[in-house]
Amino acid sequence: MNIKPLGDRVVIKRLEAEEKTKSGIVLPGSAKEQPQMAEVMAVGPGGMIDGKEVKMELKVGDKVIFSKYAGTEIKYDGVEYTILKQSDILAIVE
Amino acid sequence: MNIKPLGDRVVIKRLEAEEKTKSGIVLPGSAKEQPQMAEVMAVGPGGMIDGKEVKMELKVGDKVIFSKYAGTEIKYDGVEYTILKQSDILAIVE
Amino acid sequence: MNIKPLGDRVVIKRLEAEEKTKSGIVLPGSAKEQPQMAEVMAVGPGGMIDGKEVKMELKVGDKVIFSKYAGTEIKYDGVEYTILKQSDILAIVE
Amino acid sequence: MNIKPLGDRVVIKRLEAEEKTKSGIVLPGSAKEQPQMAEVMAVGPGGMIDGKEVKMELKVGDKVIFSKYAGTEIKYDGVEYTILKQSDILAIVE
Amino acid sequence: MNIKPLGDRVVIKRLEAEEKTKSGIVLPGSAKEQPQMAEVMAVGPGGMIDGKEVKMELKVGDKVIFSKYAGTEIKYDGVEYTILKQSDILAIVE
Amino acid sequence: MNIKPLGDRVVIKRLEAEEKTKSGIVLPGSAKEQPQMAEVMAVGPGGMIDGKEVKMELKVGDKVIFSKYAGTEIKYDGVEYTILKQSDILAIVE
Amino acid sequence: MNIKPLGDRVVIKRLEAEEKTKSGIVLPGSAKEQPQMAEVMAVGPGGMIDGKEVKMELKVGDKVIFSKYAGTEIKYDGVEYTILKQSDILAIVE
């Protein structure tokens, strides 16, 4: 992928419903903050972010849960991605 | 459990009403911030969070009281969980 | 008591009106932030809280004044308690 | 006085109008933030407050000017007091 | 003057219109934040303020420009003053 | 270019739609925060910004994705530019 | 000029439209935050500002772009100036 996130940001791609069913995560209809499952496509270098050292814990290919309202959505070559900070990723699903 | 919370987050599962009655906690109907009782299912690694060292005090199996409006709810294999930061856990019930 | 508050939190139990009269504190009807008198039931361990060292100054049995709107109310074995941070305790009454 | 303020808080008692006239302070009717004159009744120990060292500069008996909307009002043995942080005291009148 | 400002506060007295004309400052009628010209009457000791060392740069007698909405107005012996933090003083007029 | 951004700011020029199509980025119509693609025209020196060391990672000529609502728009010699902080740049497109 | 800005503030004077045309900057009519071009008339000493070392990068005579809504407007000897912090200056035009 030729999108290189800056700082402590990552680029993720949402997993389709069928993929989510396979991995077992289903989103509740009534959640006030809708979680999402996605795959990590690119990881920023981390480093000093706002005066604080941030070490990137994520790697390309990780399946993650993130908050729907975090980050910025872009479309690249017809595919939608989200760029968000690593701290907006809640968990890794293994 | 194969959900690995990041940073200072934990995954908890709410205790059912009958379990709460057994352990003696009842939620007041009029509380402005409704507390909840839950069991810790997974604990993040802690470490440097927003430039501050966070040591995880919780462990899997702890019964805890947390604020209802904290965290993000997910459903996994048909069971509902909440992912939230350790600092949103108010107390351990022993 | 088997509720163990985390971090810099304490568990307090409000003193009844007759107890408050005995100790001499009366709440003004028109206060914008209504103070409360309570007894400390459990004290968290303190330590590094949000990157800052917090030493617990309170001990079980202390009579304290706190702000009504601080903390979270719970009911345990039929008794109401409030869990709040030590910094929301205004004063000790000796 | 048996009210011991915690941290960087002080307990003050407002001076009556006649006392204020004697010391020369009159409150303007149109001030957006109404100042008040009071006497310091008790002073907390200071120390590390929210990660910062606070040294108490006030002592019991000081006549001070403070902001009306700061702090919490209590009534003790029939007398009204205000508990507020030292940093909400604007000046000492000598 | 027997008002001693605490911390990084100063006491100032607004200059009358004729004084302002003499020193050449006129306030624009349409400014969203109306500046004011005043004379410094008392200066606090500075020191550690909210965990940061503040050195007082102002001295009694300085003519200063300040923001109208900063600080607290008081009346003392029939004269109006404003108590505000040194950082709310914009400039010295020499 | 003779506009020299201060501190951790950069000057960018938005890429036209045809340029965006060539590089493959299309903005989704429904994004709550509309991303933008631009070219970096000038880069500030970085250094101590608000008490924190900021190292500039961007260089003139970088193609970047940024948030539409960040920064200040100016027109210079008939061309529109945006001045914004490096931290408002989300990613580099290579 | 006998206005001496305090701390990290500068005094600037807006350039007239004809001056702006000569230097090539035109303000877009629809900008949500209208930029402005001005000349620096006086520069504060910098130093420790809110606990952080600020070094002044601007000098008298610099042509700068700043945000319209930053700072405080004053009129002195019939001329309008703006007093604002160096960090509200976006760029130098050379």
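**Note on the predicted model: strands, core and salt bridges**

1. In total, chain A has ten strands and one helix. The coordinates under discussion are those of a predicted model, and the points below should be read accordingly.

2. Some overall values for chain A come next. Chain A has 94 residues, of which 50% count as buried. When contacts between residues at least 6 apart in sequence are considered, 68% of them in chain A join residues at least 24 apart.

3. Strand E9 of chain A (residues 79-85) pairs with strand E2 (residues 9-14) of that chain. The two strands run antiparallel and are joined by four bridges. Within this pairing, A:Arg9 has A:Lys85 of E9(A) as its bridge partner.

4. Strand E9 of chain A is also joined to strand E8 (residues 72-76) of chain A, here by five bridges and again in an antiparallel arrangement. A:Glu73 stands opposite A:Thr82 of E9(A). E8(A) and E9(A) form a hairpin with two residues between the strands. In this hairpin, A:Asp77 adopts a positive phi near 50°.

5. The largest nonpolar core has 15 residues. Those touching the most other members are F:Val10, F:Ile12, F:Leu58, F:Val64, F:Phe66, F:Leu84 and F:Ile89. Four strands of chain F give two or more residues each to this core: E2 (9-14), E4 (35-43), E7 (63-67) and E10 (89-93). As general background, nonpolar side chains in soluble globular proteins tend to be buried together.

6. F:Val10 deserves a separate entry. Leaving aside residues up to four places away in sequence, F:Val10 touches F:Pro5, F:Ala42, F:Val43, F:Met56, F:Leu58, F:Thr82, F:Ile83, F:Leu84 and F:Ile89. Two of these neighbours, F:Leu58 and F:Leu84, are also listed with F:Val10 among the core residues that touch the most other members.

7. Over all chains, the whole structure holds 35 salt bridges. One of them is formed by D:Asp8 and D:Lys85, whose closest N and O atoms are 3.0 Å apart. This pair links distant parts of the chain, 77 residues apart: D:Asp8 lies in the loop between strands E1 (3-5) and E2 (9-14) of chain D, and D:Lys85 lies in strand E9 (residues 79-85) of chain D. Are the two partners buried or exposed? D:Asp8 counts as buried because its relative accessibility is 8%, under the 20% limit. D:Lys85, at 31%, is partly exposed.

8. A further salt bridge joins D:Lys52 to E:Asp50, with 3.2 Å between the closest N and O atoms. This pair crosses between chains: D:Lys52 belongs to strand E6 (residues 52-54) of chain D, whereas E:Asp50 sits in the loop between strands E5 (47-49) and E6 (52-54) of chain E. D:Lys52 has a relative accessible area of 25% and is therefore partly exposed.

9. In chain E, the side chains of E:Lys55 and E:Glu57 meet in a salt bridge, at 3.8 Å from N to O. Which class of accessibility does E:Glu57 fall into? With a relative accessibility of 48%, E:Glu57 counts as partly exposed. E:Lys55 reaches 59% and so counts as exposed, the limit for that class being over 50%.

Key
Residues numbered from 1 in each chain as written. Chains lettered and ligands numbered in written order. Predicted model: local features only at pLDDT ≥ 70, side-chain atom pairs only at ≥ 80, totals over all residues. Heavy atoms only, no water. Buried < 20%, exposed > 50% of the residue type's maximum accessible area, 1.4 Å probe, protein only. Contact = heavy atoms within 4.5 Å. Pairing = 2+ DSSP bridges. Core = buried A, V, L, I, M, F, W, Y, C linked by side-chain atoms within 4.5 Å. Salt bridge = Lys/Arg side-chain N within 4 Å of Asp/Glu carboxyl O.
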